[in-house]
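Thanks for coming. I will go through one structure today, and I will define the terms as they come up. Please have the sequence and the model open.

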Amino acid sequence: MRRLSPLPITLFVALAAISLWAFNSFEKPTVIATVDLERLYSGLDEHKAGEKRLEETAKELNAKNEKLGQIAQSLQAELENFKADSPGFFETTKKIQEAVGNMKAFDEFSRRKFDMEKNLLLKNTYQAIKSSLGDICKAQQIDAVFLDDATPPFDPKDTRPVMTQISGRRMLWINPAIDISDVVIKQMNENFSKRQGK
């Protein structure tokens, strides 16, 4: 009687075990959800508070810029009191140039500061959304969350970028039932309210 080699039997048993493990591992279907990022940004109280702070910053910067402009205007009015070749005329002209330079420098500083704070707000909100999504997904056993980019309509006035919009999209249709944007907004607003002591 011919004896079977233990190697093929061992390989067969190992393959069967791997197949069984793979089948059991992937038995549970993947749970997918989507979010509408634009809706999240507009619905989050924390982001709205940040936008309000941005508006206040813009008002403060504009007020300072206006003061600098008023200084330059008052110096310009003062200049009319001097004769064109007098020492007062030359001194006031120099002050005007300094005031205009200060105003331009502060205007540039204001724009950069505002842009930096706006970008920081967007980035911080995005990071907060990702963090909250992680908590929600763990709690609800969601495996993946996709950004719903199928929602925004095409711009009917400008047809040139339509192909760019189409090629930039990753989702062609999303079942609204898997959208968890409202869940994220509700949880993040509640957490923000708790942190504010409300």
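How many residues apart are E108 and R112, and in which helix do both lie? They are four residues apart, about one turn of the helix, and both lie in helix 4. I will come back to this pair after the overview.

First, the ground rules. This is a predicted model, in which local features need pLDDT of at least 70, side-chain atom pairs count only at pLDDT 80 or more, and totals for chains, interfaces and linings use all residues. Residues are numbered from 1 along each chain as its sequence is written, and side-chain values use heavy atoms, with hydrogens and water left out.

Now the overview. The protein chain has six helices and two strands. Helices (H or I, at least four residues) and strands (E, at least two) are DSSP runs, numbered from the N terminus. From the N terminus on, the order of elements is α-β-α-α-α-β-α-α. Of the 198 residues in the protein chain, 23% are buried. Buried means under 20% relative accessible area, exposed means over 50%, and partly exposed is in between, with a 1.4 Å probe and protein chains only. One more total concerns contacts, meaning heavy atoms within 4.5 Å. Among contacts between residues at least 6 apart in sequence, 76% join residues at least 24 apart.

Back to helix 4, which covers residues 87-140. Side chains of opposite charge can pair when their charged atoms come close. The term here is salt bridge: a side-chain nitrogen of Lys or Arg within 4 Å of a carboxyl oxygen of Asp or Glu. The whole structure has nine salt bridges.

E108 and R112 form one of them, at 2.8 Å from N to O. E108 is partly exposed, because its relative accessible area is 29%, whereas R112 counts as exposed because its value is 59%.

R111 and D107 form another, with the closest N and O atoms 3.5 Å apart. This pair also lies in helix 4, four residues apart, about one turn of the helix. R111 is partly exposed at 46% relative accessible area, and D107 is partly exposed at 30%. Taken together, D107, E108, R111 and R112 are linked in a network of salt bridges.

A further salt bridge joins the side chains of E91 and K95, at 3.8 Å from N to O. These two residues are four apart in helix 4, so about one helical turn separates them. E91 is partly exposed at 48% relative accessibility, and K95 is partly exposed at 37%.

Next, helix 3, residues 45-79. K113, in helix 4, touches T57 and L61, leaving aside residues up to four places away in sequence. K113 and L61 are 52 residues apart along the chain, and their C-alpha atoms are separated by 9.3 Å. K113 is partly exposed, because its relative accessible area is 28%. N62 lies in helix 3 and is partly exposed at 47%. From N62 to S110 is 48 residues in sequence and 8.1 Å in space, C-alpha to C-alpha.

Last, helix 6, residues 181-195. For the 15 residues of helix 6 that gives 21 Å, and the end C-alpha atoms are 21 Å apart, so the two agree.

Which residues of helix 6 are buried? They are S181, V184, I185, M188, N189 and F192.

The axes of helix 3 and helix 6 come within 8 Å and cross at roughly 60°. Axes are lines fitted to C-alpha atoms, for helices over the stretch in contact, and angles run from 0 to 180 degrees between N-to-C directions. D45, E46 and A49 in helix 3 meet N189, F192 and R195 in helix 6. Just after helix 6, G197 takes a positive phi of about 80°.

Note on methods: Expected span 1.5 Å × (residues − 1).
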